[in-house]
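Subject: Handing over a structure

Dear colleague,

I am passing on the structure below, together with some notes on what was found in it. Please read them with the structure open.

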Amino acid sequence: MHTVWKGAISFGLVHVPVKMFSATEDKDISMKLIHRVCGSNVSYIRKCPTCEVEVEWDDIVKGYEYEKGRYVLFEKDELEQLSGEATKTINILDFVALEEIDPIYFQKTYYLSPDQAGGNAYNLLLEAMRQSGRIGIAKVSIRSKSSLAAIRIIGDCLAMETIFYPDEIRSVNQVPGLPDAVNVNEKELAMARMLIEQLSTPFEPAKYTDDYRARLMDLIQHKIAGEEVSVAPEAQKTNVLDLMAALQASLEAVKLPPNAPGGLDTSTAGAGAPAAAGQPAAADGGEVVAKVKKPRAPRKTKKEDTVS
């Protein structure tokens, strides 16, 4: 793993030197922007509209526009000093229970490993947190951005989750169209709860895969091989007008007839409603169909920065 940050965890007067590593990686398939006419990569140029010249990174500074067309400028070291990044410290402010934090606050996860001669202090903090059942809430600055962070344990490793500040979380009161009151049919509610129970299972992350990425890679391989490719469109979902019929069809799809022992008698509910109204739409997306064509060698292009 590549070290993305070096510093220390501080709680009380205890100082724990650590290295930071990204715990996740983006596996989106990266694509370049290509000029359809000639097949060349489209490049981005940092150009000053006033001087009409290409600008090098060394000649670029950050600025805040306080009036239209007027900026106050900041050098890199000014922002680092302002954010406290120069101290390179993850300062733990409080210890709290993990379940008290709503998932909406979490941003990105990093692994922390002991650095230099910090192994003893690292192990002490890890074991003390494990036995207390608490996680640390800290402040940290990374790349001139100040963040709240949660320090917790994953396996035998300390991990840091950057989290949003409270004023960065939008209130649900801003969401349009929310109902003034929640009123549901009791029989429909019972069936919905039964459906949730039948679909409930222990969380096994390995069983979830990125179907879109797999289909796209398959399509890429067909195109490299020079095959003529067509993609079958995904079946459109049907608007469900009869909610009870949809619930009943969903229960049948998970192999639990509503009238089975322990089930709910729905023989009179939604009578006469077409079964198709509640059939779940296919979720596996379009199917890639390839017809063999004479292979052609891939065109060589210059190496450019990729655009995700």
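Over the ring of which residue does the charged end of Lys108 sit? The ring is that of Tyr110, and the charged end of Lys108 lies 5.6 Å from its centre, where a charge sits over a ring if NZ of Lys or CZ of Arg is within 6 Å of the ring centre and within 35 degrees of the ring normal.

Please keep in mind that this is a predicted model, in which local features need pLDDT of at least 70 and side-chain atom pairs count only at pLDDT 80 or more, while totals for chains, interfaces and linings use all residues. Residues are numbered from 1 along each chain as its sequence is written, and side-chain values use heavy atoms, with hydrogens and water left out.

The count of aromatic pairs comes to 2 (rings of Phe, Tyr and Trp, the last by its six-membered ring, with centres within 6.5 Å; planes under 30 degrees apart are stacked, over 60 edge-to-face and the rest tilted). Phe11 and Phe95 form an edge-to-face pair, 6.3 Å centre to centre with 85 degrees between the planes. Because Phe11 lies in strand 1 (residues 3-11) and Phe95 in strand 7 (residues 89-96), the pair ties together parts that are 84 residues apart in sequence; helices (H or I, at least four residues) and strands (E, at least two) are DSSP runs, numbered from the N terminus. Phe11 is buried at a relative accessible area of 19%, whereas Phe95, at 38%, is partly exposed (buried is under 20%, exposed over 50%, partly exposed in between, with a 1.4 Å probe and protein chains only). Phe203 and Tyr208 form a stacked pair, 6.0 Å centre to centre with 25 degrees between the planes, and Phe203 counts as exposed at 64% relative accessibility.

Glu52 is placed in the loop between strand 3 (47-48) and strand 4 (53-54) and counts as exposed at 61% relative accessibility, while Gln116, in the loop between strand 8 and helix 2, is exposed at 71%.

Best regards
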